[in-house]
Amino acid sequence: MAKIELDDVSLTFAIRQQRKVTLKEYLTRMLFLPSRNPKVAVHALKGVTLSAADGDRIGIVGHNGAGKSTLLKMLAGVYPPTRGTRRVTGRVCSLFDISLGFEHEANGWENIKYRAYLMGETPATLQRKIQGIAEFSELGDFLNIPVRYYSSGMLVRLAFSISTAVNPEVLLIDEVLSAGDMAFQIKARNRMKEMMATARLMVLVTHEVNSVEEICNRALWMQHGSVVMDGPPDRVVAAYRASMSAPAEAAHVGGGIDGSRVADEDLHPADEMRAVA
């Protein structure tokens, strides 16, 4: 059984104003003092509550910086919540940043093994899949050379072939994946359709609202880290499109950084991450 439960989840990052300094600057300017290098709170998610189960196909829409990808990464377990609870039941497959994490001195075959093991495969289960992964990538003899010699398109081909070889119960997808030339993109789209059909629960983040209406049976509209609407895709997409024509909404893009200083003890240890979601 696949299930997602988020209860009043919030995620706040704390970023130092002076992020990249030399050791000399750090000491002479006394940046180790909180008053000299204060933190800025970045509220990536605010009070998100979500419940999903088998059969749900959820599409998430919203402007850039609305928190869509951050929410997806929280569902995948990349970010722990600062507040609230997160429960995800079922085998998760996350399709975002798929080209990251390669060992560039290793060849294609070795990288297939490394990434497959990180995704939860075992030597026994991978043995049944590795040839299919190689054939789907269409890289042939290039699998025998280090991936640092691969073009960006070849690297994405290999990453996509590995990432989509699993049988997920919970499928998390961020944006439309561009994988190689037009012929390979057709194969990739067909593979994606197969995964969407077999996954018990799917969450899709995209700017292509037409895809949300066609594929999903439920939609979320996010704005400034909060869910402003949850319901049937046609109604949510219509409301989102209407908001795009409002000058006030267009003028207020992003948000999240309130510019306030925060004390070191006010935030979850995970907030020490020096990145903005």
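**The sheet.** I started with the open sheet of six strands, whose order is E5-E6-E7-E3-E8-E9, with mixed pairing. Its edge strands are E5 (92-95) and E9 (226-231), each of which pairs on one side only. From one strand to the next, the twist averages 15°. For the labels: helices (H or I, at least four residues) and strands (E, at least two) are DSSP runs, numbered from the N terminus. Two strands pair if DSSP finds at least two bridges between them. For angles, axes are lines fitted to C-alpha atoms, for helices over the stretch in contact, and the angles run from 0 to 180 degrees between N-to-C directions.

**What I am looking at.** This is a predicted model, in which local features need pLDDT of at least 70 and side-chain atom pairs count only at pLDDT 80 or more, while totals for chains, interfaces and linings use all residues. Residues are numbered from 1 along each chain as its sequence is written, and side-chain values use heavy atoms, with hydrogens and water left out.

**Whole protein.** I noted nine helices and ten strands. Of the 277 residues, 44% are buried; buried means under 20% relative accessible area, exposed over 50%, and partly exposed in between (1.4 Å probe, protein chains only). Among contacts with a separation of 6 or more, 76% are between residues 24 or more positions apart. Contact here means heavy atoms within 4.5 Å.

**Strand E7.** Next I picked E7, residues 201-205. How many of its residues are buried? Five of five are, so I wrote it down as mostly covered. In a regular strand the side chains alternate between the two faces of the sheet. In E7, Leu 201, Val 203 and Val 205 are on one side, Met 202 and Leu 204 are on the other, and both faces are covered.

I then checked its neighbours. E3 (residues 57-61) pairs with E7 in the parallel sense over four bridges. Ile 58 has Val 203 as its bridge partner, and Gly 59 has Leu 204. E6 (residues 170-174) also runs parallel to E7, joined to it by five bridges. There, Leu 171 stands opposite Met 202.

I followed the chain to Thr 206, in the loop between E7 and helix H7 (209-215). Is Thr 206 buried or exposed? Its relative accessibility is 2%, so Thr 206 counts as buried. I also looked at Val 61: its C-alpha atom is 6.2 Å from that of Thr 206, although the two are 145 residues apart along the chain.

E8 (218-223) and E9 pair in the antiparallel sense over five bridges. Trp 221 stands opposite Met 229 in E9. The hairpin has two residues between its strands, and His 224 takes a positive phi near 55°.

**Helix H2.** Which strands does H2 (residues 68-76) lie across? I listed E3, E5, E6, E7 and E8, with H2 running at about 150° to E6. Its buried residues include Leu 71, Leu 72, Met 74 and Leu 75, and Lys 68 and Thr 70 are buried too. After H2 comes Gly 77, with a positive phi near 90°.

**H5 and its partners.** I finished on helix H5 (residues 152-163). Its axis and that of H3 (residues 108-118) come within 10 Å and cross at roughly 40°. H3 and H5 are therefore oblique to each other; angles under 35 degrees count as roughly parallel, over 145 as roughly antiparallel, 65 to 115 as roughly perpendicular and the rest as oblique. On the H3 side I found Gly 108, Asn 111, Ile 112, Arg 115 and Ala 116, meeting Leu 158, Ala 159, Ile 162 and Ser 163 of H5. By class, that contact has five nonpolar, three polar and one charged residues. Ala, Val, Leu, Ile, Met, Phe, Trp, Tyr, Cys and Pro count as nonpolar, Asp, Glu, Lys and Arg as charged, and the others, Gly among them, as polar.

The axes of H4 (residues 123-137) and H5 come within 9 Å and cross at roughly 145°. That crossing is right-handed.

Terms used: Left-handed = near helix turned anticlockwise from the far one by under 90°.
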